[in-house]
Amino acid sequence: RLSFPPAASARQATPRRPPGLGCTRAVVANRAVRLAAVIALGAWSGGSSAAPLGPAAVNLAATATVTASSEQPHLPATAGADGRSCRPNAMLGEVGAWAVVGDTAKGKAEISFAWPQPTTVAEGVYVGRCAWGDGETFREYEIRAEGRTEPVARGEFEKRSGPQRVSFAPVETQRLTIAFLSAHGGANPGANEILVISTSAADVE
């Protein structure tokens with residue numbers, strides 16, 4: 001069983017970053033990111049320990065077509081699922097994140113993950129945008145699966161950095177959409193990284 005390591009010990013093992021960069025690339029193998037990437041995100045984003053995750057779960061966001069209702073030219077939706085994670089307060093060193101155009105988005109947005117064929121998903125992991133403070137994170141959300149009339153999950157994300165997991169009953173779909181209904185007050189909220197996991201941690205030993 002794998003688990004998020006404490007941030008302090010993980011930082012000791014993190015390779016040295018080039019000067020001026022506030023982000024580090026997660027370990028990605030053939031774009032099918034396994035849970036090692038989730039663990040890395042937990043450490044690099046300052047996340048604390050979390051429930052164990054199984055090695056069989058795969059991040060399906062890495063192979064999806066990613067689109068959003070709003071995005072900054074230099075912080076597009078695709079960057080929110082590219083395997084990179086910024087440290088909190090990276091500011092001008094921010095890369096590998098998605099951010100909306102705040103003036104028009106008004107704290108709301110949708111981001112969608114689409115696959116060529118029906119795909120089973122059972123969990124999402126949201127790592128909020130925190131390069132300019134944790135106010136740039138979203139708060140209320142709904143997760144919608146194409147073909148379902150009701151959201152598969154809804155709730156609120158905390159105002160903080162690090163991974164926040166949402167598990168739900170496995171669903172087969174070609175498109176999964178996360179609708180963000182409000183934010184924590186930042187001008188241009190977004191995501192440091194979003195993962196779509198194939199198997200809920202509760203189902204993995």
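Me: In which strand is Pro-118 found?

Reply: In this predicted model, Pro-118 is found in strand β7, which covers residues 109–128.

Me: Why is Pro-118 called partly exposed, rather than buried or exposed?

Reply: Its relative accessible area is 45%, and since buried means under 20% and exposed means over 50%, a value of 45% falls in between, so Pro-118 counts as partly exposed.

Me: Which residues is Thr-177 in contact with, leaving aside its neighbours within four places in sequence?

Reply: Thr-177 is in contact with Glu-110, Ile-111 and Ser-112, and also with Glu-142, Ile-143 and Arg-144; each of these is called a contact because heavy atoms lie within 4.5 Å.

Me: How far apart are Pro-118 and Thr-173, in sequence and in space?

Reply: They are 55 residues apart in sequence, whereas from C-alpha to C-alpha they are 4.7 Å apart in space. Thr-173 is also one of the residues in contact with Pro-118, together with Glu-172 and Gln-174, once neighbours within four places in sequence are left aside.

Me: Which elements give two or more residues to the largest nonpolar core?

Reply: The largest nonpolar core has 31 residues, and those with the most contacts inside it are Trp-98, Ile-111, Phe-113, Phe-180 and Ile-194. The elements giving two or more residues to this core are β7, β8, β10 and β11.

Me: Where in the chain is confidence lowest, and where is it highest?

Reply: Confidence is lowest in helix α1, residues 7–13, with a mean of 33, and highest in β8, at 98. Over residues 1–53 the pLDDT is below 50, although this stretch has 110 contacts in the model beyond near neighbours in sequence.

Me: Why should one be careful where pLDDT is low?

Reply: Where pLDDT is low, the predicted coordinates should not be read in detail.

Technical notes: Residues numbered from 1 in each chain as written. Predicted model: local features only at pLDDT ≥ 70, side-chain atom pairs only at ≥ 80, totals over all residues. Heavy atoms only, no water. Core = buried A, V, L, I, M, F, W, Y, C linked by side-chain atoms within 4.5 Å. Buried < 20%, exposed > 50% of the residue type's maximum accessible area, 1.4 Å probe, protein only. Helix = DSSP H or I, 4+ residues; strand = E, 2+ residues; numbered from the N terminus. pLDDT = per-residue confidence, 0-100.
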